[in-house]
Amino acid sequence: MHFTHDTEIALQGAAGLVNTSVRRPGDVEELATVDDLDAFVRAWRWSGRRARDRAELAEVRDLRPRLAAFWELDEEGFAAQCNTLLAEAGALPRLVNHDDFGWHLHATPDDAPLATRMAVEAAMAFADVLRAGELRRLRTCEAEDCEDVHVDLSRNRSRRFCSTTCGNRMAAAAYRERQAAGGED
Ligand SMILES: [Zn+2]
Ligand SMILES: [Zn+2]
(Lines give C-alpha, C1' and ligand atoms only; values in the text may rest on other atoms or scores of the structure.)
(Ligands and ions follow the chains in the order given, each with its own letter.)
Protein backbone atom coordinates (compact mmCIF):
# COMPACT_ATOMS: atom_id res chain seq x y z
CA MET A 1 0.00 0.00 0.00
CA HIS A 2 1.34 3.35 -0.97
CA PHE A 3 -0.43 6.66 -0.49
CA THR A 4 0.44 9.67 -2.56
CA HIS A 5 3.04 11.96 -1.05
CA ASP A 6 0.59 14.76 -0.29
CA THR A 7 -1.73 12.29 1.45
CA GLU A 8 1.13 11.02 3.58
CA ILE A 9 2.14 14.55 4.53
CA ALA A 10 -1.48 15.42 5.35
CA LEU A 11 -1.85 12.32 7.54
CA GLN A 12 1.36 13.06 9.40
CA GLY A 13 0.30 16.68 9.75
CA ALA A 14 -3.07 15.67 11.19
CA ALA A 15 -1.36 13.39 13.70
CA GLY A 16 1.09 16.16 14.49
CA LEU A 17 -1.76 18.56 15.14
CA VAL A 18 -3.59 16.09 17.38
CA ASN A 19 -0.38 15.53 19.32
CA THR A 20 0.01 19.22 20.13
CA SER A 21 -2.91 18.79 22.54
CA VAL A 22 -2.74 17.41 26.07
CA ARG A 23 -3.10 13.68 25.45
CA ARG A 24 -2.44 12.52 28.99
CA PRO A 25 -1.72 14.15 32.36
CA GLY A 26 1.72 15.71 32.27
CA ASP A 27 1.61 16.64 28.57
CA VAL A 28 2.06 20.30 27.78
CA GLU A 29 -0.27 22.29 25.57
CA GLU A 30 1.92 22.85 22.53
CA LEU A 31 -0.39 25.39 20.93
CA ALA A 32 -0.61 27.77 23.85
CA THR A 33 0.11 30.95 21.90
CA VAL A 34 -0.13 32.42 18.43
CA ASP A 35 3.67 32.07 18.25
CA ASP A 36 3.29 28.35 18.90
CA LEU A 37 0.83 28.15 16.01
CA ASP A 38 3.25 30.11 13.80
CA ALA A 39 5.95 27.55 14.55
CA PHE A 40 3.59 24.65 13.83
CA VAL A 41 2.51 26.22 10.53
CA ARG A 42 6.14 26.76 9.52
CA ALA A 43 7.16 23.24 10.53
CA TRP A 44 4.37 21.68 8.47
CA ARG A 45 4.84 24.15 5.63
CA TRP A 46 1.29 25.43 5.54
CA SER A 47 0.84 28.08 2.86
CA GLY A 48 -2.16 30.36 2.37
CA ARG A 49 -3.83 33.05 4.40
CA ARG A 50 -3.17 33.50 8.11
CA ALA A 51 -5.05 35.67 10.59
CA ARG A 52 -2.37 35.27 13.28
CA ASP A 53 -4.81 36.06 16.07
CA ARG A 54 -6.34 34.34 19.10
CA ALA A 55 -9.50 33.43 17.19
CA GLU A 56 -7.51 31.52 14.60
CA LEU A 57 -5.58 29.78 17.37
CA ALA A 58 -8.84 28.81 19.09
CA GLU A 59 -10.27 27.41 15.84
CA VAL A 60 -7.20 25.26 15.24
CA ARG A 61 -7.25 24.03 18.83
CA ASP A 62 -10.95 23.19 18.54
CA LEU A 63 -10.23 21.15 15.43
CA ARG A 64 -7.89 18.80 17.31
CA PRO A 65 -10.46 16.63 19.12
CA ARG A 66 -12.40 16.32 15.87
CA LEU A 67 -9.29 14.98 14.15
CA ALA A 68 -8.35 12.83 17.15
CA ALA A 69 -11.75 11.14 16.76
CA PHE A 70 -10.54 9.51 13.54
CA TRP A 71 -8.23 7.33 15.64
CA GLU A 72 -11.24 6.02 17.58
CA LEU A 73 -14.02 5.66 15.03
CA ASP A 74 -15.20 2.57 13.20
CA GLU A 75 -15.59 2.66 9.42
CA GLU A 76 -19.09 4.11 9.40
CA GLY A 77 -18.21 6.79 11.90
CA PHE A 78 -14.95 7.51 10.14
CA ALA A 79 -16.75 8.06 6.84
CA ALA A 80 -19.36 10.25 8.51
CA GLN A 81 -16.67 12.36 10.15
CA CYS A 82 -14.90 12.85 6.80
CA ASN A 83 -18.16 13.84 5.18
CA THR A 84 -19.03 16.26 7.98
CA LEU A 85 -15.70 18.08 7.79
CA LEU A 86 -15.87 18.29 3.99
CA ALA A 87 -19.49 19.47 4.00
CA GLU A 88 -18.94 22.10 6.69
CA ALA A 89 -16.16 23.61 4.60
CA GLY A 90 -18.09 23.37 1.32
CA ALA A 91 -15.05 21.48 0.02
CA LEU A 92 -14.51 21.67 -3.74
CA PRO A 93 -11.47 19.73 -4.94
CA ARG A 94 -9.14 21.30 -7.51
CA LEU A 95 -5.69 20.35 -8.71
CA VAL A 96 -2.85 22.65 -7.77
CA ASN A 97 0.93 22.60 -8.16
CA HIS A 98 2.78 24.94 -5.81
CA ASP A 99 6.23 25.03 -4.26
CA ASP A 100 7.84 21.63 -4.72
CA PHE A 101 4.84 19.48 -3.76
CA GLY A 102 3.90 18.35 -7.26
CA TRP A 103 0.29 18.02 -8.38
CA HIS A 104 -2.11 17.54 -5.51
CA LEU A 105 -5.61 18.43 -4.45
CA HIS A 106 -6.75 21.46 -2.50
CA ALA A 107 -10.43 21.53 -1.70
CA THR A 108 -10.64 24.98 -0.14
CA PRO A 109 -9.75 28.44 -1.44
CA ASP A 110 -6.30 29.67 -0.36
CA ASP A 111 -7.99 32.42 1.65
CA ALA A 112 -10.18 30.03 3.67
CA PRO A 113 -9.45 30.13 7.41
CA LEU A 114 -6.47 28.05 8.48
CA ALA A 115 -8.54 25.66 10.60
CA THR A 116 -10.87 25.06 7.65
CA ARG A 117 -7.98 24.28 5.34
CA MET A 118 -6.48 21.97 7.96
CA ALA A 119 -9.79 20.17 8.47
CA VAL A 120 -10.36 19.63 4.77
CA GLU A 121 -6.83 18.52 4.00
CA ALA A 122 -7.03 15.99 6.81
CA ALA A 123 -10.49 14.79 5.72
CA MET A 124 -9.32 14.31 2.12
CA ALA A 125 -6.34 12.26 3.34
CA PHE A 126 -8.47 10.22 5.76
CA ALA A 127 -10.84 9.54 2.86
CA ASP A 128 -7.90 7.98 1.00
CA VAL A 129 -7.12 5.81 4.03
CA LEU A 130 -10.70 4.55 4.24
CA ARG A 131 -10.93 3.90 0.49
CA ALA A 132 -7.74 1.86 0.74
CA GLY A 133 -9.14 -0.14 3.65
CA GLU A 134 -6.21 0.91 5.84
CA LEU A 135 -7.85 2.31 8.99
CA ARG A 136 -5.64 0.10 11.13
CA ARG A 137 -2.72 2.29 10.14
CA LEU A 138 -4.10 4.95 12.47
CA ARG A 139 -2.45 3.97 15.70
CA THR A 140 -1.66 5.19 19.18
CA CYS A 141 1.89 5.10 20.52
CA GLU A 142 2.67 1.87 22.39
CA ALA A 143 5.00 3.55 24.86
CA GLU A 144 3.53 3.20 28.34
CA ASP A 145 3.84 6.88 29.08
CA CYS A 146 2.60 8.25 25.77
CA GLU A 147 -0.84 8.59 24.20
CA ASP A 148 0.26 10.37 21.05
CA VAL A 149 -1.17 9.18 17.75
CA HIS A 150 0.59 8.34 14.52
CA VAL A 151 -0.15 6.99 11.10
CA ASP A 152 1.88 3.90 10.38
CA LEU A 153 3.10 4.36 6.81
CA SER A 154 5.61 1.53 6.99
CA ARG A 155 5.38 -1.16 4.32
CA ASN A 156 4.60 -3.97 6.78
CA ARG A 157 2.57 -1.93 9.31
CA SER A 158 5.25 -2.47 11.93
CA ARG A 159 5.51 0.99 13.42
CA ARG A 160 4.75 0.92 17.15
CA PHE A 161 5.77 4.31 18.47
CA CYS A 162 4.77 7.88 17.68
CA SER A 163 8.37 9.02 17.36
CA THR A 164 11.98 7.86 17.48
CA THR A 165 12.10 9.52 20.91
CA CYS A 166 9.50 7.08 22.25
CA GLY A 167 11.04 4.16 20.34
CA ASN A 168 14.49 4.85 21.78
CA ARG A 169 13.12 5.36 25.28
CA MET A 170 11.25 2.03 25.20
CA ALA A 171 14.29 0.24 23.75
CA ALA A 172 16.44 1.64 26.55
CA ALA A 173 13.85 0.58 29.16
CA ALA A 174 13.69 -2.95 27.70
CA TYR A 175 17.49 -3.11 27.74
CA ARG A 176 17.63 -2.06 31.40
CA GLU A 177 14.99 -4.66 32.25
CA ARG A 178 17.01 -7.40 30.59
CA GLN A 179 20.13 -6.22 32.43
CA ALA A 180 18.26 -6.19 35.76
CA ALA A 181 16.95 -9.69 35.06
CA GLY A 182 20.52 -10.82 34.48
CA GLY A 183 19.71 -11.85 30.95
CA GLU A 184 22.17 -11.71 28.12
CA ASP A 185 21.81 -8.87 25.68
ZN1 LIG B 1 -0.82 22.38 -1.33
ZN1 LIG C 1 4.97 8.17 21.89
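**Conventions**

I am working on a predicted model, where local features need pLDDT of at least 70, side-chain atom pairs count only at pLDDT 80 or more, and totals for chains, interfaces and linings use all residues. Residues are numbered from 1 along each chain as its sequence is written, chains are lettered from A and ligands numbered from 1 in the order in which they are written, and side-chain values use heavy atoms, with hydrogens and water left out.

**Aromatic pairs**

I count rings of Phe, Tyr and Trp (its six-membered ring) as a pair if their centres lie within 6.5 Å; planes under 30 degrees apart are stacked, over 60 edge-to-face, and the rest tilted. The structure holds five such aromatic pairs. I looked up Phe40 and Trp44, a tilted pair with 6.2 Å centre to centre and 40° between the planes. Phe40 counts as buried at 9% relative accessibility, whereas Trp44 is partly exposed at 29%. I then took Phe70 and Phe78, which pair edge-to-face at 4.9 Å centre to centre, with 75° between the planes. Phe70 is buried, with a relative accessible area of 2%. I also found Phe70 and Phe78 in one aromatic cluster with Trp71 and Phe126.

**Zinc ion, ligand 2**

The protein donors of the zinc ion (ligand 2) are the SG atoms of Cys141, Cys146, Cys162 and Cys166, at 2.3 to 2.4 Å. I noted the sequence spacing of these donor residues as C-x4-C-x15-C-x3-C. Helices (H or I, at least four residues) and strands (E, at least two) are DSSP runs numbered from the N terminus. Cys146 counts as buried at 7% relative accessibility, and Cys166 counts as buried at 5%.

Why do I call the arrangement around the zinc ion (ligand 2) tetrahedral? The four donor atoms subtend angles of 106 to 115°, which makes it so. The rule I apply is that four donors count as tetrahedral if all angles lie between 85 and 135 degrees. Ideal angles for four tetrahedral donors are 109.5 degrees.

**Zinc ion, ligand 1**

I found the zinc ion (ligand 1) coordinated by the NE2 atoms of His98, His104 and His106, at 2.0 to 2.1 Å. The donors follow the spacing H-x5-H-x1-H along the chain. His106 is buried, with a relative accessible area of 15%.

**Salt bridges**

I count a salt bridge where a side-chain nitrogen of Lys or Arg is within 4 Å of a carboxyl oxygen of Asp or Glu. The count by this rule comes to 15.

- Arg66 and Glu88 meet at 2.8 Å, N to O. This pair links distant parts of the chain, 22 residues apart, with Arg66 in helix H3 (residues 54-68) and Glu88 in helix H4 (residues 75-88). Arg66 is partly exposed at 29% relative accessible area; Glu88 is exposed at 53%.
- Asp110 and Arg94 have their closest N and O atoms 3.3 Å apart. This pair also links distant parts of the chain: Asp110 is in the loop between S2 and helix H5 (114-131), and Arg94 is in strand S1 (residues 94-96), 16 residues apart. Asp110 is partly exposed at 45% relative accessibility, and Arg94 is partly exposed at 32%.
- Asp128 and Arg131 meet at 2.7 Å, N to O. Both lie in helix H5, three residues apart, about one turn of the helix. Asp128 is partly exposed at 22% relative accessible area, while Arg131 is exposed at 69%.
- Asp38, Arg50, Arg52 and Glu56 are linked in a network of salt bridges.

Notes
Buried < 20%, exposed > 50% of the residue type's maximum accessible area, 1.4 Å probe, protein only. Donors = N, O, S within 2.8 Å, 3.2 Å for Na, K, Ca; no water. Tetrahedral: all angles 85-135°; square planar, octahedral: opposite > 155°, others 65-115°.
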